[in-house]
Amino acid sequence: MKFSIPNYTTYRNDRPTTNNRPFGGTAILIKKPLPHYNIPTPTLNGAEATIVALTPTDGNPILITSMYIPPSVRVTHVPTDINTILNLGPTSLICGDLNAKHTTWGCTYNSSRGNALKNFADQNGIDILAPPTPTRFGHNSASTIDIALTANFDWPFQIHSLPELSSDHNPVLIHFASQEKFKLPSPKLHTNWELFRKTLLDTTINTFTLPKAHRGEDIEIEVAKLTHNILSAHQNASKPIQTNKQTFIGRELRNLFRERNKAKKLWQFTRFPADKQNLNRIQNEIRRKVHLHKQKDWEETLENLNAENGTLWKNRNFSVIINGTYSSPRNIAAGVPKGGILSPTLFNYFVNDIPKQPDTTLCVYADDTAILARHYFPKNIGQALNNHLKDLEVWYSTWKIALNVSKTEAVFFNKNNRNIEPDIYLNNNKIPWSGSTKYLGVTLDKKLTFKQHVILIKQRYKAAVSNFFSPSREKLYIK
């Protein structure tokens, strides 16, 4: 009998019978995007098993085994067969009907097989996971024989016996707060760059008229228009890469989709307001269910992060995305991910105890630091700055933050033409005095006229627009 579920790969070992017809056995279903491989079942003494190895992106393989031990298997063979499977890998999870009863996992008495399994687990450091309620129900009895064995599994878990289906065995659900990363493929786009160039030419270059920018706001408007045209051209020239993989949709959402389609046809036929309201209600319910599904995936991702073993802070990488097109990933050797939601908060925590001085003002934005000091006498300004820099040298060295002395400069802001500039030192290097400096994208001259900043913005605008013109075209006029 064929058995399949969309978006899942099925591995099964059917139990052979005298008439060569399968009657029972073991099986495992794995989501297709998860990296894994099937392991052939070794020779066992009567037990049945199907084994799959999960391969996380940054960890050792994890063996998942679906196992059934028939009641006819000898008691001495139970620990032997389990040990054979555990020897296939250091990290293992064995689930199934082991037909072993013990009061440790909620049974009313200890069977000989249960005692053998309990002694084997105690001697080899194996954890036995069992739900708090029975898993099998007879005519006048209830017992817990569907259990799980774990080796080198240090993950928090929840296990429940679900009163569902029509079998005498309940399904058993185990949820692990996994610390491993099973990276799913990111959505990708295919971009027709010839179409992109043609679209950009038609919308920007061929229809371009020379703007007259009189103010800074005019420059910002023109830059925004250009950016919009580029992004629109990329969107029109790109489409998602289609795959043959089917997306699994839950039963609840499938039923809502059917109801939505019926309600849509009914409203298109009747045009009654009540039918339109019913259609809107179903569509809103679908949006809510999809949002809850995405929220649940995000919560599970956050739960899987662990600060103690380094999965939260180490082995991080980043990619750049523009309209759904991803760059190749790059490793983050130090610091926090640029653009991460938590990055500013984490960095602020890290530099929260940076030294401060009463005679200076400290301005910190990310890794850009500025120290301000004011006084009537320039000598006092130099003394205040040098004292603060000495404290910062010790603090940066303690927390292993590198200082780029070559990019450090000083500016003496004053209205007159006096050039009485005191000596400033950082790591025994004299800091040069400059007529201007750039901080957070703004060029500050020593008299704070902002003339250099305005000139720089004009040059950038000219350079950006000139890329779309040939040298023979009319020059851009900026008054």
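**Close-up views of a predicted model**

**View 1. Phe-450 sits in the loop between β26 (442–445) and α9 (451–466).** In this predicted model, the phi of Phe-450 is near 65 degrees, which is a positive value in a residue other than glycine. Most residues other than glycine have a negative phi. With a relative accessible area of 35%, Phe-450 counts as partly exposed.

**View 2. Strands β25 and β26 form a hairpin.** Strand β25 (residues 436–439) pairs with β26 in the antiparallel sense, and four bridges connect the two. Within this pairing, Lys-438 stands opposite Thr-443 in β26. Two residues lie between the strands of the hairpin, and Leu-440, which is in the turn, has a positive phi of about 55 degrees. In a regular strand the side chains alternate between the two faces of the sheet. In β26, Thr-443 and Asp-445 belong to the covered face, whereas Val-442 and Leu-444 belong to the uncovered one.

**View 3. Six strands form an open sheet with mixed pairing.** Read across the sheet, the strands follow the order β3-β4-β5-β6-β10-β7. Because β3 (36–39) and β7 (127–129) stand at the edges and have a single partner strand each, one side of each is left without a neighbour in the sheet. On average, neighbouring strands of this sheet are turned by 20 degrees against each other, when direction is ignored.

**View 4. Strands β5 and β6 run parallel.** Strand β5 covers residues 62–68 and strand β6 covers residues 91–97, and seven bridges join the two. In this pair of strands, Tyr-68 stands opposite Asp-97 in β6.

**View 5. Asn-99 is found in the loop between β6 and α2 (112–124).** Although Asn-99 is not a glycine, its phi is positive, at about 50 degrees. The relative accessibility of Asn-99 is 21%, so this residue counts as partly exposed, given that buried means under 20%.

**View 6. Ser-406 lies in the loop between α8 (378–398) and β21 (410–411).** This serine is exposed, with a relative accessible area of 69%. The side chain of Ser-406 makes a polar contact with the side chain of Asn-404, at 2.6 Å. Ser-406 and Ile-431 are 25 residues apart in sequence, and the distance between them in space is 8.5 Å from C-alpha to C-alpha.

View 7. A disulfide is a covalent bond between the sulfur atoms of two cysteines. The structure holds zero disulfides.

View 8. Of its 479 residues, 29% count as buried. The protein exposes about 32,500 Å², and carbon and sulfur atoms supply 54% of this area. Among the contacts in the protein with a separation of 6 or more, 54% are accounted for by residues 24 or more positions apart.

Key
Residues numbered from 1 in each chain as written. Predicted model: local features only at pLDDT ≥ 70, side-chain atom pairs only at ≥ 80, totals over all residues. Heavy atoms only, no water. Pairing = 2+ DSSP bridges. Axes fitted to C-alpha atoms, helices over the stretch in contact; angles between N-to-C directions. Buried < 20%, exposed > 50% of the residue type's maximum accessible area, 1.4 Å probe, protein only. Contact = heavy atoms within 4.5 Å. Areas by Shrake-Rupley, 256 points an atom, 1.4 Å probe, with all protein chains shown as cover. Disulfide = S-S within 2.5 Å. Polar contact = N/O pair within 3.5 Å; in protein donor to acceptor, adjacent residues only side chain to side chain.
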